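Please keep the sequence and the 3D view open beside the text as you go.

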Amino acid sequence: MVDRNTGLISRRELLKKSTAFAMFYGVLRPTFGQSGRTFAYVGTYTGRGGNGKGIYLFEVNRATGELKPIKLAAETSNPSWLSLDPSGRYLYAINEDQRGSVSAFAVNRANGDLQFLNVVSAEGAGPAYLSVDGTGKYVFVANYGGGSIAVLPILPTGALGPATYTHQDVDSVGPKIATTAPVGSFAFDGHNKQDAHMIQADPGGRFVLYADLGQDRIYISRFDHDTGKLSPVADSPFVALPPGDGPRHFTFHRNGRWLYSTQEEASTVAFFHFDPQTGSIHLEQTISTLPPGFKGSNFTSEILLSPDGQFLYVANRLKNTVAVFSLNSDGRLKYVGETSTMGDYPRNIAIDPGGDFLYACNHRSDDVTSFRVDKKSGRLTFTGQYTAVGSPACITFLG
């Protein structure tokens with residue numbers, strides 16, 4: 001903590017922040033597992049329209065990429081997004097329903113078991129995303145249905161407290177038709193209200209960014225670690241994407257200065273330069289996630305970088321592929337190609353901690369498929385393995 005009299009930060013707090021910073025940049029790897037095993041948690045859609053029952057636990061075969069089913073680790077409503085805290089001791093799940101809530105679980109790092117701690121309001125309907133700040137003190141929540149964001153404090157027990165900050169934008173929304181959509185696209189979603197879709201702190205932890213699909217904006221706020229409150233950056237509180245394009249998810253490069261955003265309805269990736277001192281963002285490039293000549297409808301879903309920061313991957317729904325890009329020395333993207341997800345409607349993709357395998361959660365075909373990553377070319381090769389999971393929405397790893 002900061003001493004209010006001297007203004008100095010304690011040695012313990014400095015070490016905690018430095019470790020979290022190093023882990024974000026890839027200097028250190030999280031040492032979650034105590035048994036040398038790697039576990040995977042898969043969140044699902046449940047109830048009406050969903051075939052899942054909650055959060056499923058698997059063990060990952062590090063040599064083959066196989067997911068070995070262990071059990072239903074937690075029966076909870078629509079845990080469509082999961083995030084572990086930096087220590088790997090706690091797992092947080094949104095409950096994507098009309099009430100809007102977030103559930104907290106303690107993690108047994110030896111066998112992956114989950115113990116329910118508590119559930120609190122997400123301060124908005126239909127939460128779509130959550131993330132944990134690098135010091136493990138707060139959870140950030142984006143409420144798609146409610147169009148709001150919230151900051152939830154993490155208590156010493158790992159349970160969640162009531163929100164320290166909530167906010168809802170009331171500005172105008174974008175048009176139904178995306179400015180840069182493919183020819184013949186009918187990929188229309190949102191743009192009838194504010195739709196907060198993702199929220200995450202920058203690698204340095206000074207700023208929190210959140211994407212509002214309905215407004216076609218990425219907002220930037222300063223983050224106060226002591227109070228858990230956000231304040232918009234005065235000079236440039238947001239960056240605007242082309243009207244109707246619908247920014248969904250974004251990811252930071254390990255250098256903390258390159259930011260990539262995927263636009264759901266336009267099927268594009270935007271590359272920005274991010275200033276970690278001021279929070280300002282400048283657009284450098286926009287590139288399609290679809291092959292040359294593509295016509296028709298597609299929605300992008302997830303965007304992620306390889307652990308070494310050399311390749312970027314984006315999931316295409318409807319087309320059911322993963323687009324692969326290489327990064328130049330200046331961060332600009334070059335389209336490499338695409339690989340079929342071997343399933344229907346990939347809502348989420350993720351790479352295992354070792355960077356060897358990419359997994360696709362195919363929502364409509366009720367399976368998770370795995371692909372070996374070529375670390376030299378970035379290309380993906382299907383392993384031939386399907387893992388049956390009802391309505392999988394996301395996957396995250398412990399190990």
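1. How many of the six residues of strand β17 (residues 247–252) are buried? The model is a predicted one, and in it six of the six residues of β17 are buried, so the strand is largely enclosed by the rest of the structure. The partner of β17 is strand β18 (residues 258–263), and the two pair in the antiparallel sense over five bridges. One place to look is Pro247, whose bridge partner in β18 is Gln263. The two strands form a hairpin with five residues between them, and in the turn Gly256 has a positive phi of about 75°.

2. The protein averages a pLDDT of 92, and 91% of the residues score at least 70. Over residues 1–33, however, the pLDDT is below 50, although this stretch has 51 contacts in the model beyond near neighbours in sequence. I would ask you to keep that stretch in mind when reading the picture.

3. Thr38 lies in strand β1, which covers residues 38–44, and its relative accessibility is 4%, so it counts as buried, the cut-off being under 20%. The side chain of Thr38 is joined to that of Arg62 by a polar contact of 2.7 Å. If neighbours within four places in sequence are left aside, Thr38 is in contact with residues including Phe58, Glu59, Val60 and Arg62, and also with Pro353, Leu398 and Gly399.

4. The next points concern charged side chains. Side chains of opposite charge can pair when their charged atoms come close. The count comes to eight salt bridges. In one of them, the side chains of Arg37 and Glu59 meet with N and O 2.8 Å apart. Arg37 lies in the loop between α1 (11–25) and β1, while Glu59 is in strand β2 (residues 54–60), so this pair ties together parts that are 22 residues apart in sequence. Arg37 counts as partly exposed at 30% relative accessibility, and Glu59 likewise counts as partly exposed, at 22%.

5. Lys71 and Asp113 form another salt bridge, in which the closest N and O atoms are 2.8 Å apart. This pair links distant parts of the chain, since Lys71 is in strand β3 (residues 67–75) and Asp113 is in the loop between β6 (101–107) and β7 (114–121), 42 residues apart. Lys71 counts as partly exposed at 37% relative accessibility, and Asp113 is partly exposed with a relative accessible area of 26%.

6. Is Arg217, which takes part in a salt bridge, buried or exposed? Its partner is Asp171, and the closest N and O atoms of the two are 3.0 Å apart. Arg217 lies in strand β14 (residues 217–224) and Asp171 in the loop between β11 (165–168) and β12 (196–201), so the pair ties together parts that are 46 residues apart in sequence. Arg217 is buried, with a relative accessible area of 13%, whereas Asp171 is partly exposed, at 39%. Elsewhere, Arg248, Glu264 and Arg317 are linked in a network of salt bridges.

7. A disulfide is a covalent bond between the sulfur atoms of two cysteines. A search of the whole structure finds zero disulfides. Cys361 counts as buried at 0% relative accessibility, and Cys394 counts as buried at 2%.

8. Finally, two backbone angles deserve a careful look. Tyr345 has a phi near 70°, a positive value in a residue other than glycine, and its place is in the loop between β24 (333–340) and β25 (346–351). Tyr345 counts as buried at 10% relative accessibility. Ser391 also has a positive phi, of about 50°, although it is not a glycine. Ser391 lies in the loop between β28 (380–388) and β29 (392–398), and it is buried, with a relative accessible area of 2%.

How values were computed:
Residues numbered from 1 in each chain as written. Predicted model: local features only at pLDDT ≥ 70, side-chain atom pairs only at ≥ 80, totals over all residues. Heavy atoms only, no water. Helix = DSSP H or I, 4+ residues; strand = E, 2+ residues; numbered from the N terminus. Buried < 20%, exposed > 50% of the residue type's maximum accessible area, 1.4 Å probe, protein only. Polar contact = N/O pair within 3.5 Å; in protein donor to acceptor, adjacent residues only side chain to side chain. Contact = heavy atoms within 4.5 Å. Salt bridge = Lys/Arg side-chain N within 4 Å of Asp/Glu carboxyl O. Disulfide = S-S within 2.5 Å. pLDDT = per-residue confidence, 0-100. Pairing = 2+ DSSP bridges.
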